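Work through the exercises below with the model open. Each task is followed by its solution.

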Amino acid sequence: MNLWHDIIDSLTDAIIVLSPAMEPQVVNPAAETMLGVSQVNTAMVADLVRQNDWLGRMVGACLESGHDLGDMETVLTAGPREVAVRVEVSPLLNPEGRPGGVIILLHDLSHEKEAAEAAVTGDLSLRLSPAGLAHEVKNPLTGIKGAAELIAGMFPEDARAQQYCSVILDGVNRIASLVEQVLMVSGPQRLAQEPVNIHMVLHQAMRMAGLFPQPPEGVVVVQDFDPSLPDVMGDTAALERTFLNLIKNAAEAIGESGTIRLHTRIEREFRMTAEGRRRQFLRVEVSDSGVGIAEDQLAQLFTPFFTTKPAGTGLGLVLCQRIIALHGGRLWAQRGGVDRVKGTAASHGMTFKVTLPMMPTDKRPQ
């Protein structure tokens with residue numbers, strides 16, 4: 001059962017298993033990502049069917065006939081989101097061979113649609129793997145870097161030559177860093193599975209950001225922690241990098257003065273596992289008193305190469321979101337942060353919210 005659960009959770013296609021009463025039995029992370037939620041409950045399923053009447057008809061026909069229905073391409077509406085999908089609905093047969101529910105498989109067609117549109121418009125791109133592209137880019141970069149260093153060494157007294165070489169080396173280092181980030185975002189990642197104290201992770205991330213134990217003058221860091229939170233299962237180093245990125249973003253947003261608030265608590269919502277157990281989550285919020293961003297930029301924050309920073313690559317938040325998803329959690333952003341004086345919620349600034357599954361009760365140290 002655990003193996004099947006791991007397989008379902010590892011699929012990139014969205015899987016939703018419903019009972020005959022339209023109650024969610026199993027929902028994999030890909031489905032939660034597609035629907036933009038951290039938990040799918042009965043009310044959400046009802047709302048999903050209301051917005052997509054074709055889905056209700058397919059589920060009803062599958063339960064009645066016991067036959068597979070599928071290979072239909074349509075648009076799935078989930079709240080404000082619309083996703084091009086290919087749909088398959090199959091009966092979940094009980095030991096007697098009768099339908100005891102339905103299995104809904106949703107395959108995201110967004111990338112295929114974009115490729116088809118590009119073919120029509122002539123905007124074609126090479127289908128290179130990230131690793132292959134990185135290899136092709138790194139080789140000439142090594143030569144360029146070596147040549148720039150050699151020229152700098154040949155003309156140590158020529159200020160203009162030194163300046164030009166410095167520009168070349170800065171550009172090479174920036175491209176090399178960008179390639180590494182692309183590989184981290186797109187390549188497979190193996191994460192450790194060990195008990196992790198989320199507050200120790202946050203303290204280490206603050207320490208690496210230069211905000212702990214004593215932040216710079218003019219910067220206030222509010223630690224609103226729930227000390228009773230249990231550990232999460234995950235990769236300490238990966239989580240530290242994720243929260244370091246979020247905290248550094250908050251520090252850059254406030255500049256030389258302002259407030260950053262770190263808040264932890266138990267998430268009120270939970271998710272049922274394939275074994276019928278409650279899967280509980282904790283929440284971490286990183287808020288700042290900066291100016292925030294425009295509403296139209298909010299939807300693009302986790303889009304590769306989108307950035308509001310002059311020297312940004314637009315891959316930091318993408319990598320953060322991927323790491324949190326690999327831990328079985330969710331990362332999203334919300335306009336509105338923290339008041340720089342009172343440390344309470346404010347309409348300006350930003351808040352990044354992370355949910356992570358807590359260690360099951362039976363695995364916690366006594």
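**Setting**

The protein has 11 helices and 12 strands (DSSP runs numbered from the N terminus: H or I of at least four residues for helices, E of at least two for strands). This is a predicted model, where local features need pLDDT of at least 70, side-chain atom pairs count only at pLDDT 80 or more, and totals for chains, interfaces and linings use all residues. Residues are numbered from 1 along each chain as its sequence is written, and side-chain values use heavy atoms, with hydrogens and water left out.

**Exercise 1**

Describe how helix 8 and helix 9 cross.

Step 1. Take helix 8 (residues 198–208) and helix 9 (residues 236–254). Their axes come within 8 Å and cross at roughly 55° (axes are lines fitted to C-alpha atoms over the stretch in contact; angles run from 0 to 180 degrees between N-to-C directions).

Step 2. Helix 8 is therefore oblique to helix 9 (under 35 degrees is roughly parallel, over 145 roughly antiparallel, 65 to 115 roughly perpendicular, the rest oblique).

Step 3. Helix 8 makes the contact through residues including Ile-198, Val-201 and Leu-202. Helix 9 contributes, among them, Phe-243, Leu-244 and Ile-247 (contact: heavy atoms within 4.5 Å).

**Exercise 2**

How much of the protein counts as buried?

Step 1. Of its 366 residues, 39% are buried (under 20% relative accessible area, with exposed over 50% and partly exposed in between; 1.4 Å probe, protein chains only).

Step 2. Cys-165 is buried, at 4% relative accessible area. Cys-320 is buried too, at 2%.
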